[in-house]
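Trainee: I have a model open and would like to learn how to read it. Could you walk me through it, one feature at a time?

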Amino acid sequence: MNASRFCFLAILLLSLFLLSCADDKESLSATDKLFGAGNKMPTTENPISFAVFSEKPVYVDGKKKDVFCCASLSYEYIVKITPADIEEFCQQILSETSYKRICISPLFTDTIQKGFVFLKLDNTAIHGYFGEVDREAGAISRSEWECIYDTTTKRLEILDDMN
């Protein structure tokens with residue numbers, strides 16, 4: 001009888017532990033999901049390092065369909081982002097991040113509403129787009145230029161201007 005109670009308690013404790021681990025994963029911040037638990041992009045001269053990332057849901061017909069990672073930066077910082085800054089940012093992103101879209105948009109008060117959207121379609125490349133941002137969908141409505149970050153070579157390639 002004591003052995004069955006011990007087994008029951010052991011299984012109960014193990015179940016509670018596993019549930020708490022699952023809750024911890026669900027409660028990770030967007031920054032943790034993007035760069036790894038407890039990590040963040042080091043604050044450097046890179047304007048992207050000043051961004052605070054959060055998770056934004058996408059609703060279709062009143063139902064939550066997706067989430068994406070987003071950050072707002074003053075357009076004053078966005079225009080200072082260089083290809084080297086994008087490359088540094090992409091190097092920091094976890095290969096196992098669940099985010100397929102990362103949006104860096106200007107503040108609502110900025111007169112120019114252009115920013116970046118990065119699409120992580122697989123573990124081999126991150127596609128970056130610059131242009132007019134649709135911050136509700138985490139998308140670029142009109143791309144001015146594109147780049148591709150190859151995660152295997154850790155190199156960024158700027159594609160020809162889209163115009």
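**Reading the model together**

Mentor: Gladly! The accessible surface of the protein is about 10,100 Å², and carbon and sulfur atoms account for 57% of that. Keep in mind that this is a predicted model.

Trainee: Then let's start with confidence. What average pLDDT does the protein have?

Mentor: The average is 83, and 82% of the residues score at least 70. Look also at the stretch of residues 6-25, where pLDDT stays under 50. For that stretch the model has one contact beyond four places in sequence.

Trainee: How many helices and strands does the protein have?

Mentor: There are four helices and seven strands. Read from the N terminus, their order is α-α-β-β-α-α-β-β-β-β-β.

Trainee: In which sense do β1 and β2 pair?

Mentor: Antiparallel: β1 (residues 54-60) and β2 (residues 63-73) are joined over seven bridges. Two residues lie between the strands, and Asp 61 has a positive phi near 55 degrees.

Trainee: Now the interior. What share of the residues counts as buried?

Mentor: Of 163 residues, 37% count as buried. The general idea is that in soluble globular proteins, nonpolar side chains tend to be buried together. Here, the largest nonpolar core has 28 residues. Those with the most contacts inside this core are Leu 34, Phe 53, Ile 86, Phe 89, Ile 102, Phe 116 and Phe 118. Elements that each supply at least two residues of the core include α2 (30-35), α4 (83-92), β3 (101-106) and β6 (139-150). Another core, of eight residues, lies apart from it, with Phe 68, Cys 70, Val 117 and Val 133 among them.

Trainee: Which residues does Leu 34 touch, leaving out those up to four places away in sequence?

Mentor: Its partners include Phe 53, Cys 69, Phe 89, Tyr 99 and Ile 102.

Key:
Residues are numbered from 1 along each chain as its sequence is written. This is a predicted model: local features need pLDDT of at least 70, side-chain atom pairs count only at pLDDT 80 or more; totals for chains, interfaces and linings use all residues. Side-chain values use heavy atoms; hydrogens and water are left out. Buried means under 20% relative accessible area, exposed over 50%, partly exposed in between (1.4 Å probe, protein chains only). Accessible areas come from the Shrake-Rupley method with a 1.4 Å probe; for residues, only the protein chains shown count as cover. Two strands pair if DSSP finds at least two bridges between them. pLDDT is the predictor's confidence in each residue, from 0 to 100. Contact means heavy atoms within 4.5 Å. A nonpolar core is a set of buried Ala, Val, Leu, Ile, Met, Phe, Trp, Tyr and Cys residues joined through side-chain atoms within 4.5 Å.
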